Amino acid sequence: MARTANPKTRGSLMEAAFALARRQALAATGADEICAAVTEPFFVAAPYLAPDDPLDRALGYIDLRGEMMAGEVCEFNCFAGTMAQEASATAPAVQAAVM
C-alpha cells in the first residue's frame, strides 16, 4: 500500500531550496543540502538522542529506523542507493564510484 504524501513536503523542500540558493547561489546548491535542510530538524529533535548512554541512543536509532520501514520495500528505501547497488554488479565504472 502506498504511503500518503505529506502535503507540506513540497513546500518545505522549495523553501529550503530558495533559502540556500539565495544564501550561496543556485550553482552552489545541491539536492543533498536541500534535503538535509528539511530533514535535519527531524533528526536533531529525535527522541533517540535523549539518553545519556550511547548504547541506548544506538538502540533508539535502530527502533526509529524500524518504525520508518513500513509497507513495501520500495516505499522506504533509497532509490539512488538501490540503483547504485544493482548497477555496480554489472557496470565497472559504477562499481568503482560506489566503492
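The model is predicted, so local features require a pLDDT of at least 70 and side-chain atom pairs a pLDDT of 80 or more, whereas totals for chains, interfaces and linings use all residues. Residues are numbered from 1 along each chain as its sequence is written, and side-chain values use heavy atoms, with hydrogens and water left out.

## Overall architecture

The chain has five helices and zero strands, and its pattern along the sequence is α-α-α-α-α. Helices (H or I, at least four residues) and strands (E, at least two) are DSSP runs, numbered from the N terminus. Of the 99 residues of the chain, 12% count as buried. Here, buried means under 20% relative accessible area, exposed means over 50%, and partly exposed lies in between (1.4 Å probe, protein chains only). Among contacts in the chain with a separation of 6 or more, 20% join residues 24 or more positions apart; a contact means heavy atoms within 4.5 Å.

| Residue | Relative accessible area | Class |
|---|---|---|
| Thr29 | 17% | buried |
| Phe76 | 27% | partly exposed |
| Leu59 | 43% | partly exposed |

Thr29 is located in the loop between helix H1 (7–24) and helix H2 (31–44). Its side chain makes a polar contact with the side chain of Gln24 at 3.4 Å, and the side chain of Thr29 also reaches the backbone oxygen of Ala25 at 2.9 Å. A polar contact is a pair of N or O atoms within 3.5 Å; within protein, one must be able to donate a hydrogen and the other to accept it, and residues adjacent in sequence count only if both atoms are side-chain atoms. When residues up to four places away in sequence are not counted, Thr29 touches Leu20, Ala21, Gln24 and Ile34.

Phe76 lies in the loop between H3 and helix H4 (79–88). Phe76 and Arg65 are 11 residues apart in sequence, and their C-alpha atoms are 9.9 Å apart in space.

Leu59 belongs to helix H3, which spans residues 54–68.
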